[in-house]
Amino acid sequence: MSHPEPVARLMYDLVEPIGLVPYFADESDEALMSLGLRNQWDAYFAGRAAPFGRSVPAEVVHAVFYNFAPGEVARHIPRVWDLTTPEAALAARERGCVAGLRRILGELADEPGVARAGDLLLKAATSAPVEGRALYAALRALPVPQEPVARLWHTATMLREHRGDGHTVALLAEGIGGTEAHVLHALSVDMPAQEFGRVWHLPAAQLTAVIDGMRARGLVGTDGWLTAAGRATKERVEALTDRLAEAPYNALDASELDRLVTDLEPISTALRKEFPM
């Protein structure tokens, strides 16, 4: 089977919905909050930063996650580790994500395609170099779940964070800062930055300063929307992100890739109906 789009982009479309389960399925937050965490952002940072362990400070998490405004990470790390442990957070996150996947997929969760997809994603996810990819490397160091739905989610998460680490490289290469990345994305989909979910809560003066800085560099026009240069920058970021995300899938031969695409399509379709992507 020939695929009309680059493999990394095709796999992003299929894998990303699985990787979004912690952020859109209530079961994940509920499992983490049951550990005594204070709010959903506690759950986010505890669940996503847990592979690094307790001793990694907020400054390092901020650097790796990249696109949070200054001070946002420090409101939760290391405070969450006074309330629970990284080990408990990892277990709760997995438990909640499996529950969310099973609810959304229904009978599909027990179909053979889920196990096959998890095995092939594992082959891909454990084949790429870890150099320069801190969060991906941390996830690679964790035990791989044996239960098929848990394995599917875990391997999709590894691949999502592998791509995310590469996306950070692409943003750095273009000189796009963390908050700027959100503005660039929002404007590229014709959404005012002030309405975008990851930055709308920032003080107006702070967000305005970010946009003004992008305007001074010719990325944003006087009308508040991306210029041709801004759109070209966004396209280069996405193209480099795709290129940097190819390595895991080089481990699969053509028949394995076709099998993986076939098995992931109904899973991805079910999740996309549930999540606002």
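Predicted model: local features only at pLDDT ≥ 70, side-chain atom pairs only at ≥ 80, totals over all residues.

Biologist: Which residue forms a salt bridge with Glu-238?

Modeller: That is Arg-9, and the closest N and O atoms of the two are 3.3 Å apart. The pair links distant parts of the chain, with Arg-9 in helix α1 (residues 7-19) and Glu-238 in helix α13 (residues 228-244), 229 residues apart. Helices here are DSSP runs of H or I with at least four residues, strands are runs of E with at least two, and both are numbered from the N terminus.

Biologist: And what about Arg-9 and Asp-242, how far apart are their closest N and O atoms?

Modeller: Those atoms are 3.2 Å apart, and Arg-9 forms a salt bridge with Asp-242. Here too α1 and α13 are joined by residues distant in the chain, 233 residues apart.

Biologist: Are those two buried or exposed?

Modeller: Both Arg-9 and Asp-242 are buried, a label for under 20% relative accessible area, with exposed meaning over 50% and partly exposed in between (1.4 Å probe, protein chains only). Arg-9, Arg-163, Lys-234, Glu-238 and Asp-242 are also linked in a network of salt bridges.

Biologist: Where does Glu-174 sit, the partner of Arg-236?

Modeller: Glu-174 lies in the loop between α10 (148-173) and α11 (178-188), whereas Arg-236 is in helix α13, 62 residues apart. The closest N and O atoms of this salt bridge are 2.8 Å apart. Arg-236 has a relative accessible area of 42%, so it counts as partly exposed, and Glu-174 is partly exposed because its relative accessibility is 28%.

Biologist: Changing topic, what is Thr-241 in contact with?

Modeller: Leaving aside its neighbours within four places in sequence, Thr-241 is in contact (heavy atoms within 4.5 Å) with Arg-163, His-167 and Ala-170. Thr-241 is found in helix α13, and it counts as buried because its relative accessibility is 1%.

Biologist: How many cavities of 30 Å³ or more does a search find?

Modeller: A search of the whole structure finds two. On a 1 Å grid over the protein atoms alone, a cavity is a set of points where a 1.4 Å probe fits but cannot get out, and lining residues have an atom within 4 Å of a point. Points are joined across faces, edges and corners, and a volume is the space filled by probe spheres set on them.

Biologist: What lines the largest cavity?

Modeller: Its volume is about 90 Å³, and the lining residues include Met-11, Tyr-12, Arg-163 and Tyr-249. Helix α1 gives the most to this lining, with five residues.

Biologist: And which residues line the second largest cavity?

Modeller: Among them are Gly-19, Tyr-23, Arg-93 and Glu-161, around about 30 Å³ of space. The largest share of that lining, three residues, comes from α10.

Conventions:
Residues numbered from 1 in each chain as written. Heavy atoms only, no water. Salt bridge = Lys/Arg side-chain N within 4 Å of Asp/Glu carboxyl O. 1 Å grid on protein atoms, 1.4 Å probe; cavity = no way out; pocket = protein on both sides within 12 Å on 5 of 7 lines; lining within 4 Å.
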